[in-house]
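Hello,

Here is the structure I promised to pass on to you. Have a look at it first, and then read my notes below.

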Amino acid sequence: MRPYPFIVLCLLALVTGCARAPDSTLRVSLPNAPVTLDPRYATDATSWRLCRLIYQAPADFDAQFQPVPALMAWTRVTPTRWRFTLRGTPRFHDGAPVTASDVVATYRAVLDPARASPHRGSLANVRAVDRVDARTVDFTLARPDPLFAGLLVIGVMPAREAAANGFTRPVGSGAFEVLDVTPQAVRLVRRADGQRIDFDVVENETTRALKLARGELDLVQGGFAPEVAQWLARRRGLELVERDGTTFSYLGFNFARGPTARREVREAISAAIDREAIVRHVFRGQARLAATLLTPTHWAGAPTLPVPAYDPARARALLAGLGYDRARPLRLTYKTSSDQFRLRLATLLQAQLAEVGIALDVRSHDWGTFYADIKAGRFELYGLSWVGLQLPDIYRHAFHSASLPPKGANRGRYASATVDALIERADAASDLATRARCYREIEAELARDVAYAPLWYEAQVFVRGARLIGYDTDASGNLDALAQVAPLSEPGSR
C-alpha cells in the first residue's frame, strides 16, 4: 500500500475541532473542472452531471434503462416520425418561456456538421427537426428506431444561444441557475428556494479529505481511495454511502499507430492484468468485475461473455512471439489523470505488466490536458471510464469507423467492417429482441479484436456531512438529488 492514506489520517487527526463557521451555502467537491457547460459538447462526467442540473432535456431514463418523459412527452406518429410536446409551462432562468423553437434550434445545432458536436453521430438517423406549433416538435428519421426517444437527452438551450457562433453563457430551464463560473468553482442557485450550492474544484485527494473533515465541504462524491473514505466515515458528522454503479472502467488502445495496433500486444496487456486482485485488495468491494460496456442486467447486455482471464503465461508467450521479454521489454506510454487513486491504479498496472515483459511509462496530466490528448489520439495506452451508459448507441458512438472525434468518441481509431455492419443492422432492426442479439454479437466481436480491455464497474461512493440532508445518487453517479436536499435557511441552523 502506498503511504499517502496514512498521512491523510494523521493530518485529519491534527485538525479535529478546527471546523469553519457554518453558513447557508452547501459546498460540493469536484475532482476536476468541467470542460464545458454547453450541453451540445459536454462529454466528460463532470460537465455532463452539471449540465443535468442546469438544463432540461426532452427525455431521461428510469432504473431499468428505459426512456421516460422529462421536459417533453412523445408519441410515435409513424414508424419514422416522432412528435414531442412540452410538459407544463417550463421557463428558462432568464424568465423566457421554453418553446418548440428552442428545442428545434438546440437539436439543429447538434446536427449541424459545421458545429462538430460530439453527439451528432448518435443522432445521425435524424433527417429533420421541425416546429409544429409553439409547444410541439416533430423529429423525422431516415429509418424506424424504437429507441429514438432515449437519444434526446441533450439539454435544451434558448434558441438565440443555440444559434450563436460561440457559447456565451449557460442558460437553461433546469433546477439550478448559474451564478458564476471560474476555473476553480461553479456556483449555482436552486430556483425553487434560493439555496446556493458551490461546486469547488479540488483536485488533490488529501485536500479534499481535509476540507471534508473541517466542515469546508458538505459532499465529496468519488475521488477517495476506499480506505480513506471508510476512515472518514468513522468521523463524527460524516457518513459514507455506497451504491452499485454502472461506471465502466477500461483501457483504451491506439489502433492507428504504435505497438497497440497489433492484436497480440492488446491481448497480452489484457491477459497480464489481475483484475480480481485489484478489485479485492484496492477497491475493497467498491467495484465489480466487468466484461462488457453495458452491465449484464441491461436489456442489451451480454451476460454470457466472460471477464478476460488473468493468464500471465499466455501474455509472455504472445510477447515472446514478437521478440519481447522481461530482459527486452516492450516499452509503452500509459496516460492517466493526476488523481491520486488513478495514479495508484496505474502503478499497479505498471507492476503487473512488468511481470510479462511490458515496461509501462506512466504519464499523468491535469484532467483538461489528459482528456484533450485522448480525444486527439495522442496516446498509446490510457485508462478511462464511461459514465452514465443507458442506451446501446454507445457502440456507434465509440466503435463505428465513422465516429472519429469530433464526430464521435472512437478515440482509438478502431475500424472493423464487421462491427460497422452489425451496428447498421442493429440500427435498422425494428424490434428490441433483434437489436439485443446484434449488440451481443458486437460485444463478442469487440472482445475477439480486443478493441478495449474491460476492467470493472465502479461503485458510486460518496461521503456527506451532517448538513446535507436528503441526498443520494443513482447507478450513474448523477447529482440530480441536490435539487431535493433540505435547504439551509439560516447560518448555523444545522
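Two strands count as paired if DSSP finds at least two bridges between them. Helices (H or I, at least four residues) and strands (E, at least two) are DSSP runs, numbered from the N terminus. This is a predicted model, where local features need pLDDT of at least 70, side-chain atom pairs count only at pLDDT 80 or more, and totals for chains, interfaces and linings use all residues. Residues are numbered from 1 along each chain as its sequence is written, and side-chain values use heavy atoms, with hydrogens and water left out.

Let's start with a sheet. Strands β6 and β7 (residues 136-141) are antiparallel partners, joined over six bridges. Asp130 sits opposite Asp138 of β7. The open sheet has four strands in the order β4-β5-β7-β6, with antiparallel pairing. β4 (72-78) and β6 (126-133) are at the edges and have a single partner strand each, so one side of each lacks a neighbour in the sheet.

Next, a buried residue. Glu227 belongs to helix α6 (residues 226-233). Its relative accessible area is 10%, so Glu227 is buried (under 20%; exposed is over 50%, partly exposed in between, with a 1.4 Å probe and protein chains only).

Finally, helix α11 (residues 367-376) has the buried residues Trp367, Phe370, Tyr371, Asp373 and Ile374. They span an arc of only 160° around the axis (taken from the directions from the helix axis to the C-beta atoms), so they lie on the same side of α11. After α11 comes Gly377, with a positive phi near 80°.

Enjoy exploring!
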